[in-house]
Each structure stands twice: as C-alpha cells, then as structure tokens.
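Biologist: I have a new model to read. Could you take me through it feature by feature?

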Amino acid sequence: MTDDLRPAGTPTLEDVARAAGVSRATVSRVINGVRNVDPVIQEAVRHAVASTGYAPNRAARSLVTRRTDAIALVVSGAGVEPETEADADASADEADGGEGASFTGQVFADPFFGRVVTGVVNYLRPRGMHPVLMFAETSRAREDVVAFLRQGSADGALVVSTHAEDPLPGMLTDAGLPAVLYARPARAARISYVDVAHQDGARLAAEHLLARGCRRIATITGPLDVPAVQERLAGFRDAMAQNGHPYIAIAEGRFTQESGETAMERLLAEHPDLDGVFAANDLMATGACHVLRERGKRVPEDVAVIGFDDSSAALACRPPLTTVRQPVEAMAAEMARLLIERLGKPEGAATSVIFEPSLVVRDSA
C-alpha cells in the first residue's frame, strides 16, 4: 500500500530489499521497528535504505498504523492563571512578549533543557520519529496539549515539568493518553518516569566538601516545593549530619543564575565565614561564584563551590565547576524509549527508571 502511493521513479521497498538481499517483508519489519530482527540484517537494511535513498511514505504509513511518528515534547509549568475569560484572551495576546515569552525565555536560557532535547532527538531520529516542541504554562496551554494528543496530532507526550503543582501529568493519565515524565511527579499519578538518585548526588557533594576540609558549609536550594529539590536537600543534610554537622545554612533559589547570586549574597551577610557551598544546579552555582569573586573571596581557596547537573554552565563558569553529573541525555533517551514501548503495549503498567549520579571534579572545589 505504501509503495502504491509513491510518485513514479522514487525508491521502493523492493529496491531496498534487492540491495539488502532480504525479502520485502523483512525490510518492512526493520523500517517499522519490529524488534525480533537479527541485528546484522537490521544493519544491512539500514545501509540499503541509505544507499538507495528510500524514504517511507508517511501519509500512507499513517493510514495503516494510525500513527503519526510525531512525539510531543512538552515543557510544562504553572504560570499566573487568568481570573476571567477577558484576562485569558489578554494573556493569549501577550504571549509574544509577555508572560508566555518570559516562560519560554527561561526555558531556553537553562542549558538543562537543551540536553533534554538532544537526548530525545538523538533517540527518535534514527527511528524515523520527530519531536514537536510544546509549552504548557497556563490552563489553556495545558488543555491545548491534551486536545493536540486526543486529535491524533502526536502519538504521545514526553513531559518535563517545571513546577510541583503542575496538573498536566494527571490530566494526561485521566485522558488515557500515553506519556512519560522527566522526574518523579509531585502529585500521585500512574505514569512512567525517569529520574536521578538526587539524594545520592547530594551526598557526593557533601562528602567532597568535607574531604577538602570545609567545615562551615551552606547550600543553595531550588524551589523547595519541587520533589527533586527536597531530595537533594535531604541527602545533603543527612550526609552532613552523619559527619558531625547537624546544622547547615540554607538559602532558597529559583534555578537561575540571578537567584544564585541573591542567595549567595544573603548567605554571606548571615555567615561571612562560610567556606563551602553546594548549589542545587549549575546556574545557581555560577551565580554564587560571581558574587564570591565580587566580594574578594577566592574559589576554591576561600570558599569551595559545587553545582549539580554538569551542564554547559559548569564549563563556562570561572573557575570551571566541580558538579554532580546527572546523565540528562541518557535519561531523556530512556524517557523516549519508555514512551515508544508504551505505544507498542498500551495496557502495560507504568514504570520508573532511576539513574545514578557521579561527581565531576574541576577547579571550584
């Protein structure tokens, strides 16, 4: 059926099969991602596809499979909600330069999201699938995402939520729509997710600061209503307490460099003799280093600083950041794999995959 709808002269499945030395049915199975095909045969088919220039007919394939091969990659948060319908219309009108622009600007300013996109694209593209980037920072935007999926415009959703009270995961599960989350949801929901062992990562940071000889240690957290932030703080506190430090100074940030600067200024005002800082992400750690330099504090000689993520911000920081690495690209790829698996087995149970962090030692600690 697919080849019947092709323009004359374009490569067909038969051309690929002839080049690979296999049957047309085998070529079809490889192209459609059927798993029980010998890896050697898969490689031969992929090479034949490349050499012949064959491209699957998406329209015809969708008629047969009822799949679009599009995946919604949704960055979801909780913006300021309009109180009236008029406010909602005004909010939509302002999206090009108001709160909507502010939300998307924050997303693109954080190197974490670029790593998520890289992991997702690198996993989907070889499988002939492509992400559709969507933002869901308001009730209307979240409803648009649900409608987009219900209409069959995408096969499922990969959701990165930026707010603890985000209702989108629950909306997707209530609607019976296939979705996978990056990070454990704050609200209970029967939905698959990937995450990193946050407490273990924070313990790595605490143990490294203590091993350096730091004794007056503080931490800059992210928003304290976010589960990942709570876990990082708990892990850091536990490790410090186990080493005889029952109290650590805390300042809350918002995962931005500016909030890291503000938090560091507050910590220095309240604890001018501190000698170690663990920030819950690299952007806030970068902000902390900036303030320390302005105050004449040497990093790491006077104050050692550790971040979390191992993003591009860690390398851009001066000095380069020692940081807890979460394998974001691998986690994003696993998120995509779980979704594709769910599409193949719609009745499958929700699952979770937890990745281990590691400490990357550079110059800041």
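Modeller: Begin with helix 7 (residues 111–124). Helices (H or I, at least four residues) and strands (E, at least two) are DSSP runs, numbered from the N terminus. The expected span of a helix is 1.5 Å times one less than its number of residues. Helix 7 has 14 residues and should span 20 Å; its end C-alpha atoms are 20 Å apart, so the two agree.

Biologist: How far can I rely on such values?

Modeller: This is a predicted model: local features need pLDDT of at least 70, side-chain atom pairs count only at pLDDT 80 or more, and totals for chains, interfaces and linings use all residues. Residues are numbered from 1 along each chain as its sequence is written, and side-chain values use heavy atoms, with hydrogens and water left out.

Biologist: What caps the N-terminal end of helix 7?

Modeller: D110 does, with a side-chain oxygen 2.9 Å from the backbone nitrogen of F112. A polar contact is a pair of N or O atoms within 3.5 Å; within protein, one must be able to donate a hydrogen and the other to accept it, and residues adjacent in sequence count only if both atoms are side-chain atoms.

Biologist: Which residues of helix 1 are buried?

Modeller: Buried means under 20% relative accessible area, exposed over 50%, partly exposed in between (1.4 Å probe, protein chains only). In helix 1 (residues 13–20), L13, V16, A17 and A20 are buried. They fall within an arc of 100° seen down the axis, so they line one face of the helix. The arc is that of the directions from the helix axis to the C-beta atoms. These buried residues pack against helix 2 (24–31) and helix 3 (39–52). Just after helix 1, G21 has a positive phi of about 75°.

Biologist: Why is strand 1 largely enclosed?

Modeller: Seven of the seven residues of strand 1 (residues 70–76) are buried, so the rest of the structure largely encloses it. A70, A72, V74 and S76 cover one side, and I71, L73 and V75 the other.

Biologist: Which strands pair with strand 1?

Modeller: Two strands pair if DSSP finds at least two bridges between them. Strand 2 (residues 130–136) pairs with strand 1 in the parallel sense over seven bridges; there L133 is the partner of L73. Strand 3 (residues 156–161) also runs parallel to strand 1, joined by six bridges. V159 is the partner of V74.

Biologist: How many disulfides are there?

Modeller: A disulfide is a pair of cysteine sulfur atoms within 2.5 Å. The whole structure has zero. The sulfur of C289 is 3.8 Å from that of C317, its closest cysteine sulfur, so it is too far for a bond. C289 is buried at 0% relative accessibility, and C317 is buried at 2%.

Definitions and conventions
Contact = heavy atoms within 4.5 Å.
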